[in-house]
Amino acid sequence: MTRLTRADLDALPNYVPGRNVADLARELGIAEAIKLASNEVPYGPLPGVVEAVTEAARSVHRYPDMGVIRLRDAIGERFGVDPERVVTGCGSVALAEILAKATCLPGDEIVYSWRSFEAYPIIAAGGGATSVRVPNTAAHGHDLAAMAEAITDQTRMVFVCNPNNPTGTSVRKTEIDRFLADVPSDVLVVLDEAYREFVTDPDVPDGLETYGDRPNVVVLRTMSKAWGLAGLRMGYLVAQPEVASAVRKVVTPFSTSTVAQAAALAALEQEDEVRRRCALVVAERARLTEALRKLSVEVPESQANFVWLPLGDRTADFTAACENRGVIVRGFHPEGIRVTVGTPEENDLFLAAAEAALV
């Protein structure tokens with residue numbers, strides 16, 4: 001049989017979404033299961049978002065504003081940057097993919113820490129680039145010194161996920177300063193800050209504020225997490241004008257929908273409420289971390305809206321034990337489990353499942 005697709009993609013793992021809660025509840029014969037696997041914020045849409053979405057839905061028979069002018073202006077005003085430096089897309093992961101398309105030709109290299117965001121190898125392979133994975137440190141974080149050493153003449157882009165998904169660990173300003181000083185000027189450094197709003201460590205820099213003016217730095221952000229728009233896929237990047245212009249050339253036309261644009265504009269007006277919700281997440285994150293450490297799990301300090309359980313060979317059994325109690329967590333076999341911070345009630349159910357699984 002004639003092959004119609006690329007053979008190299010056979011070795012590429014599929015992106016794994018969080019399991020469907022309705023399916024698990026049906027399997028277990030229970031009224032409801034909970035999902036703590038997808039890093040969503042559990043508090044519902046921000047005030048004004050549903051109304052904005054409803055109004056925008058009246059015009060979905062028309063194409064959206066391809067230039068995303070109002071939203072780019074709002075993001076530019078929010079962060080004090082020229083809107084020409086802002087590019088929006090279908091979530092920050094789509095923009096990461098577009099960045100790879102804009103920078104890499106087949107055979108070029110993309111460097112990233114591992115384990116880090118599971119989409120990175122998919123992004124690299126999808127564009128024909130070569131993944132260069134640099135092992136995490138023993139503390140489950142980026143080894144920026146080793147990443148700098150891994151850069152070659154073929155390297156075109158480096159992802160720095162800060163805080164890191166799925167481990168929640170972060171790199172601090174002194175480390176990033178040293179790293180950026182070592183990176184050649186013709187290599188694009190992508191600071192992937194999907195979880196920036198949950199950072200409480202003052203030594204973890206705001207990438208846009210601290211490094212956004214560097215010619216070879218791009219900052220990625222999402223509105224899927226703290227801003228509660230996961231179901232609408234809304235992300236943006238901030239880069240130097242020439243980089244942003246090149247990215248816009250290869251962005252899928254009209255990929256930021258009318259509804260997503262309206263929802264994002266409404267959400268940006270709710271910054272105080274976002275901060276309040278993030279504070280709730282941070283408090284529960286601390287509670288989960290303390291409780292899990294009392295169960296003898298070496299949970300690293302998280303700066304995201306999830307915690308990491310480095311259970312190694314016990315990963316599959318722990319994941320299954322939680323699901324048997326109606327709690328969906330995200331296992332990364334055979335390294336560990338990522339658990340999203342939910343409501344206090346959801347977190348209590350998880351902790352009960354964890355205690356039963358670990359005794």
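Between which strand and helix does the loop that holds Pro-163 lie?

**Figure 1. Cis peptide bond at Pro-163 in the predicted model.** Pro-163 is placed in the loop between β5 (155-161) and α7 (173-182); helices (H or I, at least four residues) and strands (E, at least two) are DSSP runs, numbered from the N terminus. The peptide bond that joins Asn-162 and Pro-163 is cis, with omega at about 0°. Most residues other than glycine have a negative phi, and most peptide bonds are trans. The model is predicted: local features need pLDDT of at least 70, side-chain atom pairs count only at pLDDT 80 or more, and totals for chains, interfaces and linings use all residues. Residues are numbered from 1 along each chain as its sequence is written, and side-chain values use heavy atoms, with hydrogens and water left out.

**Figure 2. The loop between β4 and α6, with Asn-136 and His-140.** Asn-136 belongs to the loop between β4 (130-135) and α6 (144-150). A polar contact of 2.5 Å links the side chains of Asn-136 and Ser-113; such a contact is a pair of N or O atoms within 3.5 Å, where, within protein, one must be able to donate a hydrogen and the other to accept it, and residues adjacent in sequence count only if both atoms are side-chain atoms. Apart from neighbours within four places in sequence, Asn-136 is in contact (heavy atoms within 4.5 Å) with Ser-113, Trp-114, Arg-115, Gly-141, Asn-164 and Thr-167. His-140, in the loop between β4 and α6, has a positive phi, near 70°, and is a residue other than glycine.

**Figure 3. The open sheet of seven strands.** The strand order is β2-β8-β7-β6-β5-β3-β4, with mixed pairing; two strands pair if DSSP finds at least two bridges between them. At the edges stand β2 (86-89) and β4, each of which pairs on one side only. From one strand to the next the twist averages 25°; axes are lines fitted to C-alpha atoms, for helices over the stretch in contact, and angles run from 0 to 180 degrees between N-to-C directions. Strands β7 (217-222) and β8 (235-238) are antiparallel and share four bridges, and Thr-222 stands opposite Gly-235 in β8. Helix α3 (69-79) packs on the sheet and touches β2, β7 and β8, its direction making about 125° with that of β2. Helix α9 (241-250) also touches β2, β7 and β8, with its direction at about 30° to that of β2.

**Figure 4. The open sheet of three strands.** The strands follow the order β9-β12-β11 and their pairing is antiparallel. Because β9 (306-309) and β11 (330-332) are edge strands, each with a single partner strand, one side of each is left without a neighbour in the sheet. The twist averages 20° from one strand to the next. Three bridges join β11 to β12 (336-340), and the bridge partner of Phe-332 in β12 is Gly-336. Pro-334 lies in the loop between β11 and β12, and the peptide bond from His-333 to Pro-334 is cis, with omega near 0°. Helix α12 (315-324) lies across β9, β11 and β12 and runs at about 35° to β12.
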